[in-house]
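Happy to walk through this one with you. Let's take a few of the labels in turn and check each against its cut-off.

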Amino acid sequence: MEKPFAITLDVGTSLANHTGSWRTNRPVYLSRIPPCNHQCPAGENIQAWLFLAESGNYEGAWRKLVEENPFPAIMGRACYHTCEGACNRGQLDSAVGINSVEHFLGDEAIAKGWKFTKPAVTTGKKVLVVGAGPSGLSAAYHLAMLGHSVTIFEAGPLPGGMMRFGIPQYRLPRNVIDAEVQRIVDLGVKIVYNTKVSNILETKQQGGFDAVFLAVGAHIAKRAYIPAADSAHVLDAVSVLRSMEGEDKPLLGRKVVVYGGGNTAIDVARTAKRLGATESIIVYRRNREKMPAHDFELEEALQEGVLVKWLSTIKQAGESSITVEKMALDDKGFPQPTGEFETLEADSVVLALGQDVDLSLIEGVPGLTVQDGVVQVNLQMMTGHAGIFAGGDMVPAERNITVGIGHGKKAARNIDAWLRGGVYTAPPKAEVAGFDKLNTWYYSDAPKTVRPVLDIIRRQSTFEEVQGGLDETNALFEARRCLSCGNCFECDNCYGVCPDNAVIKLGPGKGFEFNYDYCKGCGICVSECPCGAIKMVPEEI
Amino acid sequence: MEQSTVKFYQTGTFTVGNRLLAPEQRSVQAGDQRRNSLNSGHRACQGCGEALGARYAIDAAMAATNGQLIAANATGCLEVFSTPYPETSWQMPWVHSLFGNAAAVATGIAAAMKAKGRSEVRVVAQGGDGGTTDIGFGCLSGMFERNDDVLYICYDNEAYMNTGVQRSSATPPAARTATTMPVGPNPGNDFGQGKNVPLIAMAHEIPYVATATVADLRDLEYKVTKAMSIHGARYIHIFVPCPLGWGAPSQDTIKLSRMAVESGVFPVFEAERGEVTGVRKIRHQIPIEDYLRPQRRFAHLFGKHPDVATIALLQARADRNIRRFGLLD
């Protein structure tokens, strides 16, 4: 090429200048665990299903949800949704109504008749599950999805366990349980009712089962010694709640005293109110701070007119009254008697002092250990006897439905690995996407025109008197409030804010990629990523 | 302003793009086919606000004119880092003449296009604050008063960064530069000096004047697009932080311009024929210290004995902007 005077180079594009060589730190995309997912006892991938729900893909969202938990409609009503307590949006305005969106998705699935997709291959292995409660059903579902043949032996006449016999109807309508259990049965899981297993090894051998998952729950009410007159009407919470399922509702009278401080005590007190009690009083030996029941349940109970007698124990029960003794907390926070007594009118006393596990079916199983009334399991959910796994309320853990469902899933994965002659290793956990990882500037405040309406619905949805919960527009709104902590939601910010055009947009659903030929490592993409899905790492020399 | 009509609850219109928005509602920068008028390989520092602002503005102008755009560039960082001979980062017709004559060169290009009957070809002139508010100011004022059909874009990083951070008439009071008092009772730039070119442009009663920042892409794109829909002299003043000259971490470029807006230091508004027609309100007001503290050019105001009096004066300037433009609801 003929060059003008004093010109020695060809004119060209700056693309020849690879500015990436300036870099000492490089940005990398990553997924962090959102606090909600991290918190969920059932291991739901909440952010992922909200992401799908945000675009109105409710079936996709539901399918993502049931990869981890087959009971969204039940969860949407009965789960204690600790996820919302962990939600980063709570530090911004108020937590995302995860539970109400789950409720909506669960109801939508029932209304639209969405079914699970049967696994393509079967393994030919037979697994016995004992107990058709949340944990047993969850394990059965996951085992069936992994291709195993599953039979459940249930001592009672109906499925659901504590979901049916422990949770009052005002919190969980029974047709919801039936619909979600039916979906598992449709998957090929066989449930044999009214069959109490008395010797697990015998049953396992007779049925030719390759592995067993025990999830019999804790159904035996704990008793406390209370001197009571012959005519005193003393009941236990488990049988009261169970008899709510039968034809004859329990006769509690007009003045009901419930003894205990857990969620069950509150359920009974609220049930008594609904059965027409004029006075429903919870007697608890410690104070509100020490109460094991969830505060929101207590709050709802108080709104409904349930009374609580704090720092009191029942000393004596008579025909129409009880004697309580006032307590005082000592330095260590334990209640100590004060010697002051008081009389309360009471037509009946319901003891809600916790439940024990019926361990008769595992008596004499070699290797299996029981400690503090619960079955000991290892990290793989397996008892000391090879091939026998256990979960739910009968193993040491917090006792609630969601934990039970989580146990079922975990056990199913371990049983599957064990049946294949291996050990299940959970994928490594990423770091948690804390609030400090977010750039919350980019999340707009929810518009005032919609918020109050939503608030009312949110409040209503926690009571089951209100049918339905969120409608579609509200559910969509609520889903879109998700901050997508730690996971890219394709907002294009990194792509836009790079002064060097060093971010490549790969297209919908594919995310982005860095062009390290030109990335100078300034870090703007990291600091302007709303959800904390990029981080800087030192360049290797 | 118009762009706030797009309602999206999760991120509003604050992010660059959004998978849930219809394609026509997305920003120019979110498009996978965006022009990248200022392409990769330019030699701007890490985290350069001017490189970012220039791509935002010129891409939007290119989109608005269907690529029929010619740029005249003043001397300055933008010119130097984008075109070290024989390379160019510009994917458009681009001309550089002198430091002070970008507005005049653009006027000439516009006149030439008119003479040739190429009415579809539009012209932008661009420069830094030095080339605009100091050296090129005479040409700029002339372009305004003749109402030439040029959009002049000033990328304001508040000093002559290219030559080593010398003070310009856009340097804020108290900011330390290479040519302000380094020591003494009141180090840094003096109070009571400098000029506000957007207001001077408004005084020419030209069709359109606007200010914008790299922290609000949608606002910037809206203003450039609007400017390109108008014929006659137009002026857009874009606030572009300079990590090098301000002594700020490179990743804080957008954060600093956001804080400049949220503290009231830099009012974002638009005006037509001398009248303010729109103001971007402050969303979460912050004290001026939050904006000053991360910048080393203001470091002498902090430390063991904070210069409370000077900080208060700077806060008063921000408060005056808030009152004057009605930046708070």
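Q: What makes A:Glu490 buried rather than exposed?
A: A:Glu490 has 22 other C-beta atoms within 10 Å, and a residue is called buried if 20 or more lie within that distance, so A:Glu490 is buried. Do keep in mind that this is a predicted model.

Q: Where in chain A is A:Glu490 found?
A: A:Glu490 is in the loop that runs between helix H16 (472-480) and helix H17 (493-497) of chain A.

Q: Which residues is A:Glu490 in contact with, leaving aside its neighbours within four places in sequence?
A: They are A:Gly511 and B:Arg19. Contact here requires C-beta atoms within 7 Å. As for A:Ser31, 459 residues away along the chain, its C-alpha atom is separated from that of A:Glu490 by 13 Å.

Q: Which residues meet where H6(A) and H16(A) are in contact?
A: From H6(A) come A:Ser100, A:Val101 and A:Phe104, and they meet A:Ala475, A:Glu478 and A:Ala479 of H16(A). By class, that contact has four nonpolar residues, one polar and one charged.

Q: How do H7(A) and H14(A) cross, left-handed or right-handed?
A: H7(A) passes H14(A) in a right-handed crossing. The axes of helix H7 (residues 134-145) and helix H14 (residues 401-419) of chain A come within 7 Å, at an angle of roughly 35°. Among the residues that meet are A:Leu137 and A:His142 in H7(A), and A:Ile405 and A:Ala412 in H14(A). The residues of this contact divide into nine nonpolar, seven polar and three charged.

Q: How many residues of chain B are in contact with chain A?
A: There are 39 residues of chain B in contact with 46 residues of chain A. Helix H1 (49-64), strand E2 (87-88) and helix H9 (253-263) of chain B each supply at least two residues of the side touching chain A. The largest share of that side, four residues, comes from H9(B).

Q: What classes make up the side of chain B that touches chain A?
A: It divides into twelve nonpolar, 20 polar and seven charged residues.

Technical notes
Residues are numbered from 1 along each chain as its sequence is written. Chains are lettered from A and ligands numbered from 1 in the order in which they are written. This is a predicted model: local features need pLDDT of at least 70, side-chain atom pairs count only at pLDDT 80 or more; totals for chains, interfaces and linings use all residues. A residue is buried if 20 or more other C-beta atoms lie within 10 Å of its own, exposed if 12 or fewer, and partly exposed in between; C-beta atoms are placed from the backbone. Two residues are in contact if their C-beta atoms, placed from the backbone, lie within 7 Å. Ala, Val, Leu, Ile, Met, Phe, Trp, Tyr, Cys and Pro count as nonpolar, Asp, Glu, Lys and Arg as charged, and the others, Gly among them, as polar. Axes are lines fitted to C-alpha atoms, for helices over the stretch in contact, and angles run from 0 to 180 degrees between N-to-C directions. A crossing is left-handed if the near helix is turned anticlockwise from the far one by less than a right angle, and right-handed if clockwise.
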